[in-house]
Amino acid sequence: MSNNKALLEFVLRHGDNNLILGHRISEWCSRGPFLEEDVALTNIALDHIGAARMLLTYAGELEGGKTEDDYAYLRTHEQFTNALLVEQANGDFGDTQARQLFYSAFAYVVYTELKDSKNEMLAAFAAKAIKETMYHLRHCSEWVVRLGDGTEESKQRMQKAIDNLWPYTGDLFATTANDATLVREGIIPDVAALKPRWYDMVKEVVTRATLTMPDANAWMQSGSREGRHTEHLSYLVAEMQAVTRVYPGAKW
Amino acid sequence: MLNVLSYAGLSLALSEKGPQYFYHDYQHINPSADQHIIMGEIHKLPTVSSEILDILKNVNDPEIPVLSVIDMGIVRGVKQTPDSIEVSITPTYSGCPAMDAISKDIHRALTQNGFQNVSVKLVISPAWTTDWISEEGKRKLEEYGIAPPQNSTAEKSVLFGEHKAVRCPRCKSEHTTMISNFGSTACKALWKCEDCKEPFDYFKCI
């Protein structure tokens, strides 16, 4: 039974990462810098929402009698367990691409291992999601390089985006005692141990973009696994849940 | 009894709200002689009676109306008992918004053809790949103006990769350029032809 609780915690963590990031990126819809990029951002948002639906539906099954909507619409912001990085505001286009690079590289290294999970649902999910993640990762990597190795203005802003978001990357790899149980049983990878692989991937992009890699040992923000979020999350959740809160059970 | 598939792993009941996600793993048990194999390899393929196959061949993807759900390779199994039928479909992309419409269309088509207790469920394993689009489907895509996907192994590099030449569906030139890896639907990229100057959709590989 406690194993089930640990599994639920992991599934919600990754379901929430996808839900909150997908919702955040969807704020770009109709505000992209040009039409093709508007379309790209909303496509990426949709992939994340799709991944969230799979995981939150599975969470509902683990917990029994809950639906994906219960998790998305009926929790308070303190109950979300997503990483701090994904709730950060969109900022300018460079900030959004830096956030995506950090997150997609993280998702890529996690899903690569999760594909071999002994849990069939998690393995199936990862095998599906990794294909989409590769497109996201390539797309944002190309933008980071284009902007970093672009004009003086774009280079300076891309570097600023990388530096500003860097302190939120440590929290991506936060693990709990429950995670350790699942690692021992071959259900999830040891996420913290994947950090060097993630770092090398990010470094390859940042270096190619002629930008400077932040200090790997810099001070990091923390708290998402304990329900401590940055101020950005509550605003996002309030907007995401506005209709459900005012018209509970509304259908169209 | 036409129960040709056995399911292992997790499953959820289909509710009135629409399809729920499933994990499943199916194995063939004694396909009988009147069943047809839709696509090549047996381990990733459902067997279906010709009557049901004909009905499903007339259910089209709402976003790519030139292709049926069979051409797309998204029908993953059919489980039939004397008084019910269950069709399993798999999403192309996780967030594909067409899945709800496709589920309803399949449900409607089978019901209109006299089947009762029709249910449609969504399965996510094995993950859909563009390799499952039939040859017929690829031909129809190109005729419709969408460049068909290349073999999925063609685009494997993770961070940066050279793009393979994609043939313009109109003038057949291979002198083409990618505009964006994301297009009008989750499954397409946007390209343009440098010869005839027309932009076109490319069904990207996954």
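A crossing of two helices is left-handed if the near helix is turned anticlockwise from the far one by less than a right angle, and right-handed if clockwise. Helices (H or I, at least four residues) and strands (E, at least two) are DSSP runs, numbered from the N terminus. Residues are numbered from 1 along each chain as its sequence is written, while chains are lettered from A and ligands numbered from 1 in the order in which they are written. The model is predicted: local features need pLDDT of at least 70, side-chain atom pairs count only at pLDDT 80 or more, and totals for chains, interfaces and linings use all residues.

**View 1. Helices α5(A) and α7(A) cross in a right-handed sense.** The two helices pack at an angle of about 50 degrees, with their axes 8 Å apart. Axes are lines fitted to C-alpha atoms, for helices over the stretch in contact, and angles run from 0 to 180 degrees between N-to-C directions. The angle makes α5(A) oblique to α7(A) (under 35 degrees counts as roughly parallel, over 145 as roughly antiparallel, 65 to 115 as roughly perpendicular and the rest as oblique). On the α5(A) side the contact is made by Gly94(A), Asp95(A), Ala98(A), Arg99(A) and Phe102(A), and on the α7(A) side by Arg157(A), Met158(A), Ala161(A), Ile162(A) and Leu165(A). Two residues are in contact if their C-beta atoms, placed from the backbone, lie within 7 Å. These contact residues divide into six nonpolar, one polar and three charged. Ala, Val, Leu, Ile, Met, Phe, Trp, Tyr, Cys and Pro count as nonpolar, Asp, Glu, Lys and Arg as charged, and the others, Gly among them, as polar.

**View 2. Ala98(A) is a buried residue of helix α5 of chain A.** It is buried because 33 other C-beta atoms lie within 10 Å (20 or more count as buried, 12 or fewer as exposed, and in between as partly exposed, with C-beta atoms placed from the backbone). Leaving out residues up to four places away in sequence, Ala98(A) touches Val144(A), Ala161(A), Ile162(A) and Leu165(A). The C-alpha atoms of Ala98(A) and Gln159(A) are 9.1 Å apart, although 61 residues separate them along the chain.

**View 3. Lys155(A) sits in helix α7 (residues 152-165) of chain A.** With 17 other C-beta atoms within 10 Å, Lys155(A) is partly exposed. Residues up to four places away in sequence aside, Lys155(A) touches Gly148(A) and Gly150(A). Its C-alpha atom is 7.6 Å from that of Leu211(A), a residue 56 places away along the chain.

**View 4. Chain A meets chain B through 32 residues of chain A and 24 of chain B.** The elements giving two or more residues to the chain A side are α2 (35-63), α6 (120-148) and α9 (195-208). Of these, α6(A) gives the most, with 15 residues. The chain A side divides into 17 nonpolar, five polar and ten charged residues. The model scores ipTM 0.75 and pTM 0.85.

**View 5. Chain B has four helices and twelve strands.** Of its 206 residues, 42% count as buried. Confidence is lowest in strand β1 (residues 5-8), at a mean of 27, and highest in strand β9 (residues 146-147), at 93. Over residues 1-45 of chain B the pLDDT is below 50, and this stretch has 93 contacts in the model beyond near neighbours in sequence.

How values were computed. pLDDT = per-residue confidence, 0-100.
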